[in-house]
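Please find below some notes for a colleague who has the model open.

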Amino acid sequence: MSVLTREEAQTRAQIIDVERYTIALDLATGEETFASRTAIRFTARAATDTFVEIKPATLHSIALDGQPLDPALLDGNRYPLTGLTPGPHELRVDAAMNYSRTGEGMHRFTDPADGETYLYTQLFMEDVQRVFAAFDQPDLKSVFAIDVTAPEGWTVLGNGIAEHTGDGRWTIAPTPLISTYLVAVAAGPWHSVTTEHAGLPFGLHCRRSLAPYLDADADEILDITRACFDRYHEKFDEPYPFDSYDQAFVPEFNAGAMENPGLVTFRDDFVYRSAVTDTERQTRAMVVAHEMAHMWFGDLVTLSWWDDIWLNESFAEYMGYQTLTEATLPRALNSPQAGEPLFPDTWVEFGVSRKSWGYDADQRPSTHPVAPDPDAVPDTASALLNFDGISYAKGASALRQLVAWLGEKDFLAGINTHFARHKFANATLADFIDNLASATDRDVHAWAEQWLRTTGVDTLTADVHEPTAPTEAGQSWALAVEREGSRPHRIAVATFDHALNTQAGPGHLAPRDRFEIDVPGPGDGAPTIRPGRRPALVVLNDGDLTYAKIRLDTASWDTALTHLSAIPDALTRAVVWNAARDLVRDGELDPARYLTAARTHLPYESDLALVQGVLTFADGQIAARYVTPEARPAALATLTDLCRDLIRRTEDGSRPGLRLTAVRHFIDAATQPDTLQSWLTEGTVHGGPELDPELRWRILTRLAALGAADEKAIAAELAADPSATGREGAARCRAALPAAEAKAAAWQAMFSDDTLSNYLFTATAQGFWQPGQEELVRAYVPRFYPEATALAARRGPAIAEAAGRHAFPSYAIDAEALATGTAALDDPALIPALRRKLVDQLDDLRRALTVRTTAH
């Protein structure tokens, strides 16, 4: 199969215009393939040759302007169109297309809970070719008119309002001009919750087996949807550009969600069938807000080529968090919360989880600018690699810094100019920057060069000292900020003094002052002089408005370690926790000291996102990878003691989210099975909560890894929960068993069978590698590289990404494993998606080795 190059796309966009696709899909032809008939009306601007893309199971016929063409001329995924004359043409293509089990193209899923089948499309990048013939590039926008034939009793959803015309036939309203990758169809016996808002139909859809869980949360999801919709209309001059707004929660979805206009698809993990925390509900709300932002930025105005994917994702990431912070329940609801922000503290979660994703990605060899040079994205395979923490979190952080620098009024003025100039068309980075510049006197072009065209994370280090000469005002202190990097930063600095202990917990800090500075400073870079004695704690980047690693001065760090939970503002605490995380990752802070700080301060932490973020790093990185095998028991003991303390402190039921978080991490860190077995047998944690399916499978996975569960227990649990997530849980448990035959069976299923769906592959891979089982699976480490390479070549990018992310031998942390992996990068058979994941994983392995070496 050929990937599309930028040069080819530019050439094709110069020689043809595409007006309309008329597509007929028959989804009632069998379980392996479906029928796809496409008519494309297009115009050639001159006598020319070009090609159309399609990846069929069978190409039955193809005709140009009524003249049959030879199907045998299909070359991979390209059919040549030669000798085109200037003027209008119509291409007709009739094909049978394969259903997907990997979340690419037309994915087919049969729900084990009730035997019902569901189909949905994911056409991003190049996967439209798996569903219908297309001139597949984002700058050849067109109208799409789709008819679908589906089994009786099914509902069909699409980008526009779908009408059932009888006998299983559905007609979807033609779209405005959109790109090929944004076309969407979903079909099946959906359970739907519908309403109307602002004169438009709104809908929520999920599998029937999830109906009770969607119904339980439908009001919440719809309230969030309406609130974000209203807030975007306050920000944006352009009205919502499509005729309806459906949100479908679909099975085995590879991403978090996809911004198909009028039909956003979400992974159906967001239909919660087990207890979740308020932070997880906030995350779901943020994804709703993120995808809705794409209706304007991405769908109404679309990138011209994939080097500008950050324009889609960074904007939606920033706008999703910011809008969720601002969005309020309508006052018409007459509830006590009406008019209040739905989630006022979203930037704390961004700072402690999403932003760290960007920092990590930006320090690997695979880093790239937020806005890469066009030559760095020569084809679609290269573009696919840039969907990472840089295009999302770093780009959103850069935009947040831009808004702080420009002011929101000028920022939104520039955005609205962008929408007005390019609606239903395509735009580039240059267009975006020009439109922002039109609304301000500031040099946005220079800002873009410094922030969007560079790589790496700046480091800002505080130097706090007494001035060399006294000032007329008396006692004073000085702050100098050393910058390692090249970007300008506008940051806030917060200072704190020790105060009397007026609350429970380790110490108390009183805010003294907050001021803003530029880094580098103007003129000769002289330090900032502030009145009064030296503060006990000086925090750079208070409010987390810039993107940089922060280094506290020595005295401030000592204060932070002993008084972190006493810092009044959660976002300031997030900045300090991130600083500690960076120090551990850079080998400058012993992981044991981080765990001690967590043990000291998390019992007094009021922000749940911070608790979850710190525990996730402590458990998933420090205990699992950064400490040596000899030190792991002590690290796990610290974590279990901490979680036990949190469980004890929440016995009154006042903080169920904190209790649930503590229970989850207690399970993951447990080294003895007795307590877990007791909970599983009794069906409840002592004092609550009762065990729901998520907790039961979590416990059983840990028991399996500890050798305290067997196939009989796994089969019994699966019989009690025969759902899709139950099947995944059973696969995870079976792969986690510390037995040679269990590991062999899991390996065979992953790398030889080729029948696992994307989700079952991931679950099996997650179970296979377990900390503490290094000797048992040592022989599989060298096997991974050639077998993953062959697997990726057979099954494509989605499984390649899953193999690189989840099946990588993450806990084989030694020089031999690093050397084996590094040598494997020379294999020319590696497809780009897998190579990128391996480069990142090997760099993380190298970092883990460094941390172990430097820990003291």
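The points below take these topics in turn.

1. Basis of the notes. This is a predicted model, in which local features need pLDDT of at least 70 and side-chain atom pairs count only at pLDDT 80 or more, while totals for chains, interfaces and linings use all residues. Residues are numbered from 1 along each chain as its sequence is written, and side-chain values use heavy atoms, with hydrogens and water left out.

2. The second largest pocket. About 510 Å³ of space lies in this pocket, where a pocket is an open set of points on a 1 Å grid over the protein atoms alone at which a 1.4 Å probe fits, with protein on both sides within 12 Å along at least five of seven lines; the volume is the space filled by probe spheres set on the points. Of its 25 lining residues, those closest to the centre are D278, T279, L608, G657 and L658 (lining residues have an atom within 4 Å of a point).

3. The lining divides into 10 nonpolar, 8 polar and 7 charged residues, with Asp, Glu, Lys and Arg counted as charged and Gly among the polar ones.

4. Aromatic pairs. The structure holds 53 of these, a pair being two rings of Phe, Tyr or Trp (its six-membered ring) with centres within 6.5 Å, stacked if the planes are under 30 degrees apart, edge-to-face if over 60 and tilted otherwise. The ring centres of F249 and F266 are 5.0 Å apart and the planes lie at 25°, so this pair is stacked. Because F249 belongs to strand β17 (residues 245–250) and F266 to strand β19 (residues 263–267), the pair ties together parts 17 residues apart in sequence. F249 is buried at 0% relative accessibility (buried means under 20% relative accessible area with a 1.4 Å probe, protein chains only), and F266 is buried at 1%.

5. A second pair. F297 and F419 are edge-to-face, 5.9 Å centre to centre with 70° between the planes. F297 lies in the loop between α3 and β20 (301–303) and F419 in helix α8 (residues 408–422), 122 residues apart; both are buried.

6. A buried glutamate. E104, in the loop between β7 (87–98) and β8 (105–110), is buried at 5% relative accessibility.

Note on methods:
Helix = DSSP H or I, 4+ residues; strand = E, 2+ residues; numbered from the N terminus. Buried < 20%, exposed > 50% of the residue type's maximum accessible area, 1.4 Å probe, protein only.
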